[in-house]
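This report looks at the pockets of a protein model and at one residue in a loop. Please keep the sequence and the structure open while reading.

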Amino acid sequence: MSLKSKPLNQVRELPVSVLAEEEEVRINFNVRKSLRNKWKAVALKQEKTMTELIIDAMKIYSNE
Amino acid sequence: MKILALINEKGGTGKSTLSQNIAVSLHRAGKRVILVDADPQGTTRDWRSASPEDANLPNVIALDRPEMLASLKNVDADIAIIDTPAKAEKMTASVIRHANAALIVIQPSGADIWASAAAVRLIQQKQELGGDIKAAFVTNRVSGSSNLSREVLDGEWNEYGIEQLNSTIGNRVAFAQALTDGLSIYETKDGTGKAEIDLLVAELEEKLCL
């Protein structure tokens with residue numbers, strides 16, 4: 001019996017979405033320490049990271 | 001910078017050994033090469049740690065998170081060779097996303113060929129999404145006398161539309177010895193092994209545009 005390659009439709013689910021992910025960039029900006037602490041407190045309350053909180057807020061602000 | 005990824009989700013196909021020797025060949029040819037160890041097993045890091053201090057080898061960096069791949073473009077080099085882990089889907093998919101070229105490493109074995117289907121699928125998916133990546137198979141640890149080697153080399157099994165390179169790497173102890181000593185095939189007396197890597201690199205430069 002001859003050697004055959006595996007049909008691609010028999011390959012299990014792969015993380016193909018990674019291939020289409022847009023490249024990320026880093027944003028740095030300065031804010032007052034008290035404002036940062038306020039954001040941190042809100043993030044903790046909502047069980048989010050600061051990054052998630054700011055991204056979510058900006059999505060609302062920009063109607064995304 | 002060009003990025004060449006050596007892939008196959010099956011372990012033990014020779015991805016690390018070939019990554020090291022291809023990187024050394026390009027380094028010796030005057031290219032600025034960075035060898036990226038994306039395998040948590042760290043074989044390529046261990047290889048470099050075992051190297052003599054005065055060895056003429058490319059630098060190795062460790063990359064343990066897929067998110068770090070984007071920063072590779074900031075490295076001052078002509079070529080990055082990425083040694084990928086076995087069975088690490090997100091890392092392999094991320095490497096394929098960033099790579100210009102992929103070399104799928106197989107041995108003359110059904111297990112290696114079947115396991116390569118996952119890499120083929122990711123490469124084809126990237127191409128379908130409009131991504132630019134060239135790919136090829138290379139057969140490692142070929143034993144000229146075995147029927148299975150002949151069957152794999154004749155390429156009848158390959159229905160993926162991805163070329164199988166003419167260059168092959170033989171089943172040579174010198175590769176394992178060089179790796180253990182922290183060196184490459186070029187520091188051994190195995191002239192045939194050196195010639196095999198030379199031919200492979202020439203074919204990679206021609207067909208994968210390194």
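In which loop of chain B is B:Asn158 found? B:Asn158 is found between helix H5 (147–154) and strand E7 (163–170) of chain B, where helices (H or I, at least four residues) and strands (E, at least two) are DSSP runs, numbered from the N terminus. This is a predicted model, in which local features need pLDDT of at least 70 and side-chain atom pairs count only at pLDDT 80 or more, while totals for chains, interfaces and linings use all residues. Residues are numbered from 1 along each chain as its sequence is written, chains are lettered from A and ligands numbered from 1 in the order written, and side-chain values use heavy atoms, without hydrogens and water.

B:Asn158 has a relative accessible area of 19% and is therefore buried (under 20%, with exposed over 50% and partly exposed in between; 1.4 Å probe, protein chains only).

A pocket is an open set of points on a 1 Å grid over the protein atoms alone, where a 1.4 Å probe fits, with protein on both sides within 12 Å along at least five of seven lines; lining residues have an atom within 4 Å of a point.

| Pocket | Volume | Lining residues |
|---|---|---|
| Largest pocket | about 1,200 Å³ | 30 residues |
| Second largest pocket | about 210 Å³ | 15 residues |

In the largest pocket, A:Glu24, A:Val25, A:Arg26, A:Thr51 and A:Ile55 lie nearest the centre, and H3(A) gives the largest share of the lining, six residues. For the second largest pocket, helix H1 (residues 15–28) of chain B gives the most to the lining, with three residues.

Definitions and conventions: Grid points are joined across faces, edges and corners, and a volume is the space filled by probe spheres set on the points.
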